[in-house]
Amino acid sequence: MKVDVLLGLQWGDEGKGKVVDVLTPKYDVVTRFQGGPNAGHTLEFEGQKYVLRSIPSGIFQGGKKNIIGNGVVLDPVLFRQEAESLAASGHDLTKQLCISKKAHLILPTHRVLDAAYEAAKGDAKIGTTGKGIGPTYTDKVSRNGLRVGDVLYHFEDKYAAAKKKHEAILKALNYRYDITELEKEWFEAIAYLKRFQLIDSEHVINNLLEEGKSVLAEGAQGTMLDVDFGSYPFVTSSNTICAGACTGLGVAPGNIGEVYGIFKAYCTRVGAGPFPTELFDETGEKLCALGHEFGAVTGRKRRCGWIDLVALKYAVMINGVSQLIMMKSDVLDSFDTIKACVAYKINGEETDEFPFDICDGVEPVYVEIPGWKTDMTQMTSEDEFPEEFNAYVSFLEEELGVPVKIVSVGPDREQTIIRYED
């Protein structure tokens, strides 16, 4: 068996959680391979709404094994809050959820460092969520991090050494803080963490593949936030692309199977950073209102714009996407005309290749497509799609060179139309 990968192709918030939940019945195992609690995946079913930050979105489906991989950074406090909230709603995770010993821990001082670094940047802020993600990945790369497995061996000494290094940095930044209460809560959460199965996830996952088990790898954020290939420096601190599943789980490239790429029928972005197709007019406000575009974790209002096929084609290429999944199609139900960016104009010249830098001087080149002017939220089959919507899907498939397998017409699990079976 191979690991199928599901990831976002835009700037995050594409609706990955819902799709993982929909696809999970065909898999034995669901994993998270990168990111931290800055990425919220929202799921809605049976009249309930859930937001997952670190726990894989397959947790609601029939006792499936869920694994937090080594590429994830974990905040014990937020993890405990998330797990206890799910337990209170009837979803006890202790038997289903495993955590890689190699996943790195977000320390209380990482959160403080995140705030201190952002404050020091002044007007050059990158829009961090303040969850300590960046400093944790920095410690990981500089070989100063603490991992989940460390809680089992002389942990207090290791923690004290890491904290001392962070305190020296904060003193140099002249940043004032008090983590007394947070630190107490953090150690209580470490004790809670030990209730779960702490595993050598790379061995477990590869053994499951050898046994013929099917595995789905769930990405966080989106391709355009990848630390190497995104709109740097306005990116996250991990590899959000398909290759990140190999390093974030410990599986070989040859063991990657289908790559599901998720995108919205339009485009959004949270926080600072370039966004070529962003709309600052009534249309942008309408997209925001109809799409309820506010961050699942941060609550921040998302910036909205038309679909960007230059960036999307780039994401398809980088990830080796084999099947596309289009979300929030229903948000465009009432538009007379829909626009799609098919090229960038830079210094008077057009290009359909994603450039090194999109921060300045990038002008989107649009084509216009007739809207379908039909409420699609109650549709349950592709046979009900209006002709204009089918034309939009065909246009996207031709531009991107990949078939659209799934179309979402609303937030609920049931509002998901699979256009064809594998």
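Tutor: Let us start with K328, which sits in the loop between β15 and β16 (337–346). Keep in mind that this is a predicted model.

Student: Why is K328 called partly exposed?

Tutor: Its relative accessible area is 22%. Buried means under 20%, and exposed means over 50%. The value for K328 is 22%, so K328 is called partly exposed.

Student: What makes the phi of K328 worth a remark?

Tutor: Its phi is positive, about 55°, although K328 is not a glycine. Most residues other than glycine have a negative phi. K373 is another such case: it has a positive phi of about 50° and is not a glycine either. K373 is in the loop between β18 (362–370) and α11 (387–400).

Student: What makes the peptide bond from Y232 to P233 cis?

Tutor: The omega of this bond is near 5°, and the bond is cis. Most peptide bonds are trans. P233 belongs to the loop between β10 (215–218) and α8 (243–249).

Student: Why is strand β11 described as largely enclosed?

Tutor: Strand β11 covers residues 256–264, and seven of its nine residues are buried, so the rest of the structure largely encloses it. Buried here means a relative accessible area under 20%.

Student: How do you know that β1 and β11 pair?

Tutor: Pairing requires at least two bridges between two strands. Strand β1 (residues 3–8) and β11 have five bridges, so they pair, and they do so in the parallel sense. V5 stands opposite V259 in β11. There are also five bridges between β11 and strand β15 (residues 323–327), again running parallel. In that pair, K264 is opposite M327 in β15.

Student: What makes β14 and β16 a pair?

Tutor: Strand β14 (residues 307–308) and β16 have two bridges in the parallel sense. The cut-off is at least two, so they count as a pair. D308 is opposite C341 in β16.

Student: In what sense do β16 and β18 pair?

Tutor: Nine bridges link β16 and β18, in the antiparallel sense.

Student: What do β16 and β17 form?

Tutor: They form a hairpin with two residues between them. Strand β17 (residues 349–351) runs antiparallel to β16, with three bridges joining them. I346 has E349 in β17 as its bridge partner. N347 lies in the turn and has a positive phi of about 55°.

Student: How do you know how many cavities of 30 Å³ or more there are?

Tutor: A cavity is a set of points where a 1.4 Å probe fits but cannot get out. By this rule the count is one cavity of 30 Å³ or more. The largest cavity holds about 40 Å³ of space. Its lining consists of G230, S231, Y232, P274, F354, P355, F356, D357, I358 and C359.

Student: What kinds of residues make up the lining of the largest cavity?

Tutor: Seven are nonpolar, two are polar and one is charged.

Student: Why is the largest cavity said to lie between domain 1 and domain 3?

Tutor: Both domain 1 (1–100 + 200–258) and domain 3 (262–416) give residues to its lining, so the largest cavity lies between them.

Student: What volume does the second largest pocket have?

Tutor: Its volume is about 160 Å³. The elements that give two or more residues to its lining are β4 (48–52) and α2 (76–88). β4 supplies the largest share, four residues. In total 10 residues line the second largest pocket, with Y50, V51, E82, S85 and L86 nearest its centre. The lining divides into five nonpolar, two polar and three charged residues.

Student: How do you know which residues are annotated as "active site"?

Tutor: That comes from the UniProt record, an unreviewed entry, in which "active site" covers D13, H41 and K140. The record also has a "binding site" annotation, covering D13 and G40. Such annotations may be inferred rather than shown by experiment.

Student: Is D13 buried or exposed, or in between?

Tutor: D13 has a relative accessible area of 26%. That falls between the cut-offs of 20% and 50%, so D13 is partly exposed. It lies in the loop between β1 and α1 (16–23).

Key: Residues are numbered from 1 along each chain as its sequence is written. This is a predicted model: local features need pLDDT of at least 70, side-chain atom pairs count only at pLDDT 80 or more; totals for chains, interfaces and linings use all residues. Side-chain values use heavy atoms; hydrogens and water are left out. Buried means under 20% relative accessible area, exposed over 50%, partly exposed in between (1.4 Å probe, protein chains only). On a 1 Å grid over the protein atoms alone, a cavity is a set of points where a 1.4 Å probe fits but cannot get out, and a pocket is an open set with protein on both sides within 12 Å along at least five of seven lines; lining residues have an atom within 4 Å of a point. Grid points are joined across faces, edges and corners, and a volume is the space filled by probe spheres set on the points. Ala, Val, Leu, Ile, Met, Phe, Trp, Tyr, Cys and Pro count as nonpolar, Asp, Glu, Lys and Arg as charged, and the others, Gly among them, as polar. Domain bounds come from an automatic or database domain assignment.
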